[in-house]
Amino acid sequence: MSTRDDPYKNRYLIAIAVTLAAVLELVDTSIVNVAIPHMMGTLGATLDEIAWVSTSYIIANVIVIPMSSWLSAYFGRQRYLTGSIAIFVIASFFCGAATSLWGLVFWRVLQGLGGGALLSTAQTTLFEAFPPHERGIGQAIFGMGVMVGPTIGPTLGGFIVDAYAWPWIFYINVPLGLIAGVMVWTYVKDAAHQVRATSVDVLGIVLLTLTVGSLQWMLERGERYDWFESRFVTTLAVTSVVAGILLVWRELTIEEPVIDFRVLKSRQLAPGVAFAAFLGLALYGSVFVLPVFLQSLHGYTAQQTGMVILPGAIASAVTMGVMGRAGAKIDARPLIVIGALLFLAAMYLLSQLTLDAGQGQMFWPLILRGVGLGLLFVPLTGASMAGLPMEKLGQGTGMFNLMRQLGGSLGIAIMATMLSHQTKVDKALLTEHVGSYDPATMERLGGLTRGLMARGFDPVTAKMQALTVLDRQIGAQASVMAFSRIYLISSTLLVCALPLLLLWRTGRSVPLKMDAH
């Protein structure tokens with residue numbers, strides 16, 4: 001076959017284009033968090049109000065992800081993917097130019113709607129851009145973006161905010177997005193097997209929006225409103241459940257559904273999607289917890305935190321690169337088991353960290369975590385899609401990415417709630433052992449008082465300040481204990497999901513085929 005006739009000749013250019021678009025989308029989920037204090041000052045918003053800048057983007061994202069396959073079929077992949085990048089780029093520019101909070105939130109919603117296509121559509125495109133024996137390479141390139149994107153977000157955001165101003169965290173998307181858009185339009189073509197959708201399931205779209213939007217909103221804001229103690233959170237939960245039931249019924253009874261739940265009849269996809277939810281829970285939960293630990297207890301800046309986490313992200317990317325070349329020849333199940341156990345080992349080592357821990361003590365646990373995640377992602381994706389007909393691939397990747405995203409949101413919500421609750425419990429337990437009858441406490445309090453008096457405080461003020469310092473130290477120790485438990489819980493949940501792999505018919509990335517029907 002000549003190069004001219006080779007349908008895979010532009011596969012690496014396609015991989016660069018769609019992965020760049022996916023990385024931009026993922027970076028924007030975390031880069032904003034660094035700039036929140038600056039936004040509050042510029043826009044005159046409270047912390048509760050400014051949280052909508054992040055929440056609105058994520059809700060819009062998760063609504064579009066499961067619809068991506070249908071939208072791609074309706075508009076054509078080339079136009080849909082290019083159009084989504086264009087919406088993302090235009091919205092990014094206006095996010096940076098926003099002069100009011102709700103103006104910024106409006107453009108963040110549009111940015112999220114544009115960005116939602118850039119995950120599952122990009123992943124589907126990569127499956128088809130590479131020949132069957134090289135599909136692992138395409139997924140490895142995509143996986144590098146998925147893992148590295150959220151990690152570099154805070155680091156990049158910290159640098160941009162310090163060097164320029166917060167609008168530039170959005171403006172930076174414009175030139176990079178234009179490059180990705182031009183490359184996608186030039187090299188990505190509509191799938192040969194894709195059957196164009198001819199109808200619009202308006203009711204399905206409404207039910208999907210209510211189901212996923214309410215669930216994501218509940219997960220994002222539940223901890224702030226004390227979960228089911230709040231009538232608002234309870235209403236969101238009920239809305240999500242009722243709309244979800246109606247959505248499944250609706251989509252199983254029409255010819256052109258927005259989400260084709262029938263793909264879950266696949267013995268490969270259903271367990272893979274369930275495991276992806278646990279992977280998202282463990283990954284995003286640990287990604288959320290570690291920066292909080294470093295910044296709140298060790299006083300690290302966002303940039304310093306990013307530099308601590310970056311070696312692990314690089315280790316993950318390198319491991320995925322190896323898996324991309326070798327993964328198709330190896331059964332995915334033992335690789336996933338080893339990856340999960342490495343993740344467990346890494347979380348155990350992180351759970352042993354104290355307030356005195358330095359960067360050196362975090363290096364190897366994070367390298368272990370990176371290698372573990374690298375062993376998980378590519379084999380899991382390949383085996384989950386094994387044997388799925390090509391025309392169902394978009395629905396499969398959409399379901400996979402949706403569950404990973406929702407699992408991640410659930411993980412963050414659980415970890416945030418547990419962190420707050422467990423810190424209070426541990427502080428109460430520690431306080432029981434701290435009293436006027438405890439010699440160690442009195443000695444510590446006396447030492448703090450004398451030190452403050454030596455700095456010029458009078459005896460009464462020095463004692464009051466010493467009590468405040470002691471209370472802060474107890475709180476810090478309680479936080480360390482809470483973090484330790486959360487590290488172990490996140491990894492244990494992932495290991496507990498391993499029996500799902502027994503449901504697979506094969507652990508191999510079987511080449512995809514056309515549906516005989």
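# Close-up views of the chain

**View 1. Val18 is in contact with Leu81, Leu118, Ala122, Thr125, Leu126, Val184 and Val188, leaving aside its neighbours within four places in sequence.** Here, contact means heavy atoms within 4.5 Å. Before you look further, note that this is a predicted model, where local features need pLDDT of at least 70 and side-chain atom pairs count only at pLDDT 80 or more, while totals for chains, interfaces and linings use all residues. Residues are numbered from 1 along each chain as its sequence is written, and side-chain values use heavy atoms, with hydrogens and water left out. Val18 belongs to the largest nonpolar core, which has 104 residues. A nonpolar core is a set of buried Ala, Val, Leu, Ile, Met, Phe, Trp, Tyr and Cys residues joined through side-chain atoms within 4.5 Å. Buried means under 20% relative accessible area, exposed means over 50%, and partly exposed is in between (1.4 Å probe, protein chains only). Along with Val18, the residues with the most contacts inside this core are Phe142, Phe275, Phe293, Ile336, Tyr487 and Leu494. Helix α13 (residues 269-297) supplies the largest share of the core, 13 residues. Another core lies apart from this one; its 22 residues include Val32, Ile50, Cys95 and Leu101.

**View 2. Zooming out, the whole chain shows 19 helices and zero strands.** Both are DSSP runs numbered from the N terminus: helices are H or I with at least four residues, strands are E with at least two. Of the 517 residues in the chain, 54% are buried. Take contacts between residues at least 6 apart in sequence: 83% of them join residues at least 24 apart. The chain exposes about 22,200 Å², and carbon and sulfur atoms supply 67% of that area. Accessible areas come from the Shrake-Rupley method with a 1.4 Å probe, and for residues only the protein chains shown count as cover.

**View 3. Phe170 sits in helix α9 (residues 168-171).** With 0% relative accessibility, Phe170 counts as buried. Who are its partners? Not counting residues up to four places away in sequence, Phe170 touches Asp28, Val32, Met39, Ser92, Cys95, Gly96, Leu104, Arg108 and Gln111. From Phe170 to Ile31, the C-alpha to C-alpha separation is 9.2 Å in space, although the two are 139 residues apart in sequence.

**View 4. Helix α4 is mostly covered, with six of its eight residues buried.** The buried ones are Ser68, Ser69, Trp70, Leu71, Ser72 and Ala73. Phe75, also in helix α4, is partly exposed, with a relative accessible area of 39%.

**View 5. Tyr74, Phe75, Val200, Val202, Val206 and Leu210 make a nonpolar surface patch of about 490 Å².** Two elements give two or more residues to this patch: α4 (68-75) and α11 (202-221). With three residues, α11 gives the most. Patches are made of residues with over 30% relative accessible area and no salt bridge; like charges are joined within 9 Å, and nonpolar side chains (Val, Leu, Ile, Met, Phe, Trp, Tyr) within 5 Å.

**View 6. The side chains of Arg250 and Asp201 meet in a salt bridge, N to O, at 2.8 Å.** This pair links distant parts of the chain, with Arg250 in helix α12 (residues 231-251) and Asp201 in the loop between α10 (173-187) and α11, 49 residues apart. Arg250 is partly exposed at 23% relative accessibility, whereas Asp201 is buried at 3%. A salt bridge is a side-chain nitrogen of Lys or Arg within 4 Å of a carboxyl oxygen of Asp or Glu. The whole structure has five of them.

**View 7. Asp260, Arg262 and Lys392 are linked in a network of salt bridges.** The side chains of Arg262 and Asp260 meet at 3.4 Å, N to O. Arg262 is partly exposed, with a relative accessible area of 31%, while Asp260 is buried at 6%.

**View 8. Asn401 lies in helix α17 (residues 393-432).** Is Asn401 buried or exposed? Asn401 is buried, at a relative accessible area of 0%. Its side chain makes a polar contact of 2.8 Å with the side chain of Arg404. A polar contact is a pair of N or O atoms within 3.5 Å; within protein, one must be able to donate a hydrogen and the other to accept it, and residues adjacent in sequence count only if both atoms are side-chain atoms. Setting aside neighbours within four places in sequence, Asn401 is in contact with Ile65, Leu119, Ser120 and Gln123.
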